[in-house]
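Here are my notes on the model you sent over. Please read them with the structure open.

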Amino acid sequence: MPTLLVRNAHVLVTMDAERREIPGGGLLARDGVITQVGPTADLPNTADEVVDARDRLVLPGLVNTHHHLYQTLTRAVPGAQDAGLFDWLRTLYPMWARLDPDSVRVATTLGLAELAKSGCTTAFDHQYLWPNGSRVDDQIEGARLVGLRFHAARGSMSLSEKDGGLPPDSVVETEGAILADSARVIDAFHDPAPGSMTRIVLAPCSPFSVTERLMRESAALARSRGVRLHTHLAETKDEERFTVERFGKRPVDYAAGLDWLGGDVWFAHGVFVSEEDVTRMAATRTGLAHCPTSNMRLASGIAPVRACLAAGVAVGLGVDGSASNDSGNLLAEARQALLLNRLAVSPGIGGGPQMSARTALEMATLGGAAVLGREDVGALEPGRMADFFTLDLGRVEFAGALHDPVAAALLCAPVPAESVFVGGRPMIRDGHHVSIDEPALVAEHGRMARALVG
Ligand SMILES: [Zn+2]
């Protein structure tokens with residue numbers, strides 16, 4: 001039963017029920033689980049491992065709720081830099097069709113390594129195409145190298161161009177193959193226990209790339225096995241036009257008709273949702289992954305996040321795919337969420353309080369944990385996992401901002417985490433991954449990216 005003691009933090013942010021921020025704070029963990037949080041003077045003097053957090057901010061590990069890690073191989077691709085969603089996808093699908101088990105494993109490792117450096121300790125990934133024999137297993141192998149808690153989607157596409165969908169035949173699968181493999185990966189990898197490092201989510205891609213039957217059968221399978229459901233919804237005007245023309249319904253009505261609202265479901269984006277849709281999502285406890293950078297990068301629109309929060313919708317943050325963000329930095333994403341949601345109510349000056357830095361941080365921690373259905377992460381309090389990261393407040397980026405170091409973490413330029421711990425074990429120390437040779441990984445990933453894009 002190894003113990004870990006964190007002491008002397010400039011401020012330790014708990015995100016507990018009282019949202020305590022403890023100057024000179026620390027925590028004690030035993031076997032990866034927090035047993036005590038409070039002022040350093042109230043904690044024991046020693047433990048098996050001691051982290052001195054003097055002049056450091058200590059924050060709960062961030063939780064990412066939407067991503068496509070394979071897209072780290074296709075960032076900033078010429079031809080897809082300035083397009084909206086549908087043209088962007090049409091440009092990239094043929095490149096993604098060249099993915100294989102090795103490139104999926106390496107892209108997953110690199111993307112999670114990047115996320116971890118921004119303080120992320122729990123991440124969901126939504127891979128929805130599996131060319132050339134690639135499998136969820138390849139992603140899980142990569143995630144285990146990095147050491148984050150990983151929620152892997154068994155994502156899918158079943159509606160190709162010939163049937164009226166958007167993707168080409170080369171990247172879709174049959175419904176039978178998708179459902180059989182979904183059941184296989186749940187049996188092989190899903191761990192529902194507290195402290196779990198691996199969970200599975202069933203995640204048909206989007207209304208314009210899957211059949212209604214697959215949506216219904218995925219929901220039935222997920223519910224029979226106790227796993228969660230996720231899909232892209234209400235992301236763009238193009239998508240809304242598609243669901244109205246094909247199904248005679250706007251996106252949230254389409255989802256409702258397929259039994260896709262509920263406390264075990266969360267949607268990525270939710271840009272084109274009405275007031276009524278928001279009320280319905282809140283009433284059914286359907287969650288939302290807000291992806292501000294991607295929504296700006298593809299010029300999709302602005303999700304009504306403040307209305308969702310006010311209505312009681314669980315909202316987490318997602319960096320979204322690396323090809324529609326070109327980055328996988330969750331602390332930066334929280335800053336983007338803060339800034340975009342201020343702009344969303346512009347002109348806001350004098351028009352009431354703006355979204356606060358602490359609200360953005362809450363979405364990135366507790367909000368994400370709620371969206372993924374986890375009560376064991378997202379806050380630093382007894383009984384939760386010892387997942388946290390530290391920021392060095394002596395950096396030039398924070399100079400002059402220590403009047404409020406917690407707000408500074410969001411308002412100032414995002415800086416890399418100095419240390420990141422998952423379940424009381426170090427994943428990053430002194431800014432470097434403990435278990436990964438980062439230059440070698442970047443070199444291997446670079447070779448694969450060149451091969452894929454051509
Ligand atoms: Zn996405």
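**Notes on the predicted model**

1. Keep in mind that the model is predicted.

2. The structure holds zero disulfides. C412 is another buried residue, because its relative accessibility is 16%.

3. Now the metal. Which residues coordinate the zinc ion? The donors are H66 (NE2), H68 (NE2), H232 (NE2) and D320 (OD), at 2.1 to 2.3 Å. Along the chain, their spacing reads H-x1-H-x163-H-x87-D. H66 is buried, with 0% relative accessibility. H68 is buried as well, at 3%.

4. For reference, ideal angles at a metal are 109.5 degrees for four tetrahedral donors.

5. Next, the largest pocket. Its space comes to about 280 Å³. The elements giving two or more residues to its lining are β13 (265–269), α8 (275–284) and α12. The largest share, four residues, comes from α12. In total, 20 residues line the pocket. Those nearest its centre are R228, R285, A314, A370 and V371.

6. R285 is not a glycine, yet its phi is positive, about 60 degrees. Most residues other than glycine have a negative phi.

7. A76 also has a positive phi, about 55 degrees, although it is not a glycine. A76 lies in the loop between β8 (62–64) and α1 (85–96). Is A76 buried, partly exposed or exposed? A relative accessible area of 42% makes A76 partly exposed.

8. Back to α12, which covers residues 357–371 and includes A357. A357 is buried, because its relative accessible area is 9%. Leaving aside residues up to four places away in sequence, A357 touches L338, A407 and L410. Take the pair A357 and A407: they are 50 residues apart in sequence, but their C-alpha atoms are 5.3 Å apart in space.

9. Last, helix α3 (residues 136–146). How many of its 11 residues are buried? Eight are, so α3 is largely enclosed by the rest of the structure. The buried residues are V136, D137, D138, Q139, I140, G142, A143 and V146. G147 follows α3, and its phi is positive, near 105 degrees.

Methods
Residues are numbered from 1 along each chain as its sequence is written. This is a predicted model: local features need pLDDT of at least 70, side-chain atom pairs count only at pLDDT 80 or more; totals for chains, interfaces and linings use all residues. Side-chain values use heavy atoms; hydrogens and water are left out. Donors are N, O and S atoms within 2.8 Å of the metal (3.2 Å for Na, K and Ca); water is not among the atoms, so sites may look incomplete. Buried means under 20% relative accessible area, exposed over 50%, partly exposed in between (1.4 Å probe, protein chains only). A disulfide is a pair of cysteine sulfur atoms within 2.5 Å. Contact means heavy atoms within 4.5 Å. On a 1 Å grid over the protein atoms alone, a cavity is a set of points where a 1.4 Å probe fits but cannot get out, and a pocket is an open set with protein on both sides within 12 Å along at least five of seven lines; lining residues have an atom within 4 Å of a point. Grid points are joined across faces, edges and corners, and a volume is the space filled by probe spheres set on the points.
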